[in-house]
Amino acid sequence: MTREVDADKRATLRRFAALGAATPLAASGRAVADGDDDSAARDAIRGYLATTPGAHFSKLRDDLSLATGETQHHLKRLESAGEVVSQKDGDYRRYFPAGRFSAFERRALGYLRRDTPRGMLLGLLRDPDASGADLARGLDVSRPTVSKYAGKLADAGLLDTDDGYRVARPEVLIALVVRYADSFGSDAAGFADDAASFISYDG
C-alpha cells in the first residue's frame, strides 16, 4: 500500500511540474528530476503556483499530496530563493510566484479563492447594478453574510460601497478570473466563457 501511495505522489508531482514547465507564467523552466524527490516537489510547487496563484498552504499541500513538514520545507526554500512570495490572508497564508502580481492582484486572487466573495464579485461583474439582496438571493446566503463580506472586500480595496456596490478595477478582476478560471471553480469557468459579452472595447 505504501508503495502505491508513493507512486501516486510521484505521479502527482510530475504532472504539476510538467504543467508548470509548459506554462508561460511558470517561475522556472526546469524539467522534473527523476529520482530526486526534493527537486520534483519544488518543481511541482512552482508549476502549481503558476496555474493556481493565491492557493493557501493546506490546499497546496493536499493537491500535491505532500506532507505538512515537507510542504513547509520546500516553500521555505522557495521563498528564501526569491521564487515564491506569501502573505497572510485572515486565517490563511497564500502563496504566489514572485514578481508576477501587484499587491492589488494578490488581494484579489485571495478573495477569488473564497466561495462567497468570489460569487459576489462575479455577480457584480455580470450586473454592476446588483443590490446586496440580489447577491444574497443569487448565492443562497443571508443578507448579513453579503454585508459582512462587502465590508471585507471594501477594506481590501476590491469594492466601493459608498453608493451601492461597485467592483474596483473591474478590468483587472476580469483578467484574473479569465486567466485562472479553471483553478477557481465552475462559477468562474462559466463567467470566463461569457466574458467577451461584457468586456468593452474602444474604437
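Student: Hi! How many salt bridges does a search of the whole structure find?

Tutor: Hello! The search finds 11 salt bridges. Keep in mind that this is a predicted model.

Student: Okay, which residue does Asp89 form a salt bridge with?

Tutor: Asp89 pairs with Arg114, and their closest N and O atoms are 2.8 Å apart. Asp89 sits in strand E2 (residues 84–89), while Arg114 is in the loop between helix H5 (103–112) and helix H6 (115–126), so the pair ties together parts that are 25 residues apart in sequence.

Student: Are those two buried or exposed?

Tutor: Asp89 and Arg114 are both buried.

Student: And where do Arg118 and Asp115 lie?

Tutor: Both are in helix H6, 3 residues apart, which is about one turn of the helix. Arg118 and Asp115 form a salt bridge too, with the closest N and O atoms 3.0 Å apart.

Student: Is Arg118 buried or exposed?

Tutor: Arg118 counts as buried, because its relative accessibility is 6% and the cut-off for buried is under 20%. Asp115 counts as exposed, at 58% relative accessibility.

Student: What about Arg61, which residue is its salt bridge with?

Tutor: That one is with Asp62, where the closest N and O atoms are 2.9 Å apart. Asp62 is partly exposed, with a relative accessible area of 47%.

Student: Which residues are linked in a network of salt bridges?

Tutor: Look for Asp43, Arg46 and Glu83, which are linked in such a network.

Student: How do the lining residues divide into nonpolar, polar and charged?

Tutor: There are 3 nonpolar, 3 polar and 6 charged residues in the lining of the second largest pocket.

Student: Let's switch to rings. How many aromatic pairs does the count come to?

Tutor: The count comes to 2 aromatic pairs. In one of them, the rings of Phe96 and Phe101 have their centres 6.3 Å apart and their planes at 65 degrees, so this pair is edge-to-face.

Student: Why is the pair of Phe101 and Tyr180 edge-to-face?

Tutor: It is edge-to-face because the planes of Phe101 and Tyr180 are at 65 degrees, and the cut-off is over 60. Their ring centres are 6.1 Å apart. This pair links distant parts of the chain, with Phe101 in the loop between E3 and H5, and Tyr180 in the loop between helix H9 (170–179) and helix H10 (181–184), 79 residues apart.

Student: So which residues form one aromatic cluster?

Tutor: Phe96, Phe101 and Tyr180 form one cluster. Phe96 and Phe101 are buried, and Tyr180 counts as buried too, at 4% relative accessibility.

Student: Last one: which ring does the charged end of Arg114 sit over?

Tutor: The charged end of Arg114 sits over the ring of Tyr111, 5.0 Å from its centre. Elsewhere, Arg169 lies over the face of Phe104, at 4.4 Å from the ring centre.

Definitions and conventions: Residues numbered from 1 in each chain as written. Predicted model: local features only at pLDDT ≥ 70, side-chain atom pairs only at ≥ 80, totals over all residues. Heavy atoms only, no water. Salt bridge = Lys/Arg side-chain N within 4 Å of Asp/Glu carboxyl O. Buried < 20%, exposed > 50% of the residue type's maximum accessible area, 1.4 Å probe, protein only. Helix = DSSP H or I, 4+ residues; strand = E, 2+ residues; numbered from the N terminus. Nonpolar A, V, L, I, M, F, W, Y, C, P; charged D, E, K, R; others polar. Phe/Tyr/Trp six-rings, centres within 6.5 Å; stacked < 30°, edge-to-face > 60°. Lys NZ or Arg CZ within 6 Å of the ring centre and 35° of its normal.
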